[in-house]
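Welcome to this guided tour. Please open the structure in your viewer, keep the selection tool at hand, and follow along stop by stop.

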Amino acid sequence: MIEALARHHGDTPTASIQTIERDMFGDVPWVYTLVASVAGSIVGYASLYPLVQLQLGSRGIDMHHLFVEPRVRGAGIGKQLIAASIDKARDLSCTYMMVGTHPENLNAQAIYLACGFERRDGTHPRFRYLI
């Protein structure tokens with residue numbers, strides 16, 4: 001799924017099992033990864049990494065990846081992963097969550113807005129969820 005998302009965005013995936021294990025399960029995990037399954041099969045994931053605003057004493061989380069297998073899209077799995085990500089952010093004492101989209105991904109932008117995010121555009125569309 002990581003490779004599929006990379007290719008979708010025109011990237012050449014170079015991650016290996018070793019780098020993924022290091023980043024998700026190493027002594028110091030670099031990302032939090034939530035998975036969605038249907039009938040015992042993983043069909044989507046969200047990958048989160050910490051953010052901070054030291055000057056404000058504020059913790060945040062960035063949803064770096066959100067991916068749902070094409071065959072199960074439209075079943076609400078993406079929204080469930082977003083909700084689970086917000087819950088994880090709360091568990092980590094975060095006060096906000098950020099996510100970015102490709103400028104042309106209007107469907108994702110609409111979903112984030114429907115989930116309560118607010119636009120925070122810069123170079124690309126960005127959205128923030130205050131917790």
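The radius of gyration used here is taken over C-alpha atoms, and the rule for a globule is 2.2 Å times the number of residues to the power 0.38. For 131 residues, a compact globule would have a radius of gyration near 14 Å, and the chain agrees with its 15 Å. What you see is a predicted model, in which local features need pLDDT of at least 70 and side-chain atom pairs count only at pLDDT 80 or more, while totals for chains, interfaces and linings use all residues. Residues are numbered from 1 along each chain as its sequence is written, and side-chain values use heavy atoms, with hydrogens and water left out.

**Stop 1: the whole chain**

Show the cartoon first. The chain has four helices and six strands; helices (H or I, at least four residues) and strands (E, at least two) are DSSP runs, numbered from the N terminus. Trace the sequence and you will read the pattern α-α-β-β-β-α-β-α-β-β. Along the principal axes, the C-alpha atoms fill a box of roughly 40 × 35 × 30 Å.

Now colour by accessibility. Buried means under 20% relative accessible area, exposed means over 50%, and partly exposed lies in between (1.4 Å probe, protein chains only). By that count, 32% of the 131 residues are buried. Contact means heavy atoms within 4.5 Å. Among contacts with a separation of 6 or more, 48% join residues 24 or more positions apart.

**Stop 2: helix α2**

Select I20, which is found in helix α2 (residues 17–25). At 24% relative accessibility, I20 is partly exposed. Not counting residues up to four places away in sequence, I20 touches I2, A15 and F25. For a sense of scale, draw a distance from I20 to T95: their C-alpha atoms are 27 Å apart, and the two are separated by 75 residues along the chain.

**Stop 3: strand β2**

Move to S47 in strand β2 (residues 41–53). Is S47 buried or exposed? S47 is buried, with a relative accessible area of 6%. Leaving aside neighbours within four places in sequence, S47 is in contact with V31, Y32, T33, D62, M63, H64 and H65.

**Stop 4**

Next, pick G78 in helix α3. Beyond its neighbours within four places in sequence, G78 is in contact with L66 and V68. The C-alpha atoms of G78 and I111 are separated by 8.8 Å, although the two are 33 residues apart along the chain.

Then show the side chains of R73 and F67. R73 lies over the face of F67, at 5.4 Å from the ring centre. A charge sits over a ring if NZ of Lys or CZ of Arg is within 6 Å of the ring centre and within 35 degrees of the ring normal.

**Stop 5: helix α4**

Select residues 106–114, helix α4, whose buried residues are A108, Q109 and Y112. Looking down the axis of α4, you will find these buried residues within an arc of 100 degrees, so they line one face of the helix; the arc is that of the directions from the helix axis to the C-beta atoms. The face turned away from that side carries the exposed residues L106, N107 and A114. Against what do the buried residues of α4 pack? Their partners are β3 (58–68), α3 (77–91), β4 (96–100), β5 (118–119) and β6 (126–130). Just after α4, G116 takes a positive phi of about 100 degrees.

**Stop 6: the cores**

A nonpolar core is a set of buried Ala, Val, Leu, Ile, Met, Phe, Trp, Tyr and Cys residues joined through side-chain atoms within 4.5 Å. The largest one has 15 residues, of which I61, M63, M97, Y112 and F117 touch the most other members. At least two residues of this core come from each of β3, α3, β4, α4 and β6, and α3 gives the most, with three. A second, separate core of seven residues includes A36, V43, I77 and L81.

**Stop 7: the rings**

Finish at F117, which is buried at 4% relative accessible area. Rings of Phe, Tyr and Trp (its six-membered ring) pair if their centres lie within 6.5 Å; planes under 30 degrees apart count as stacked, over 60 as edge-to-face and the rest as tilted. The whole structure has four aromatic pairs. One of them is the tilted pair of F117 and Y129, with 5.3 Å centre to centre and 55 degrees between the planes. F117 lies in the loop between α4 and β5 and Y129 in strand β6, so the pair ties together parts that are 12 residues apart in sequence. Y129 is buried too, with a relative accessible area of 16%.
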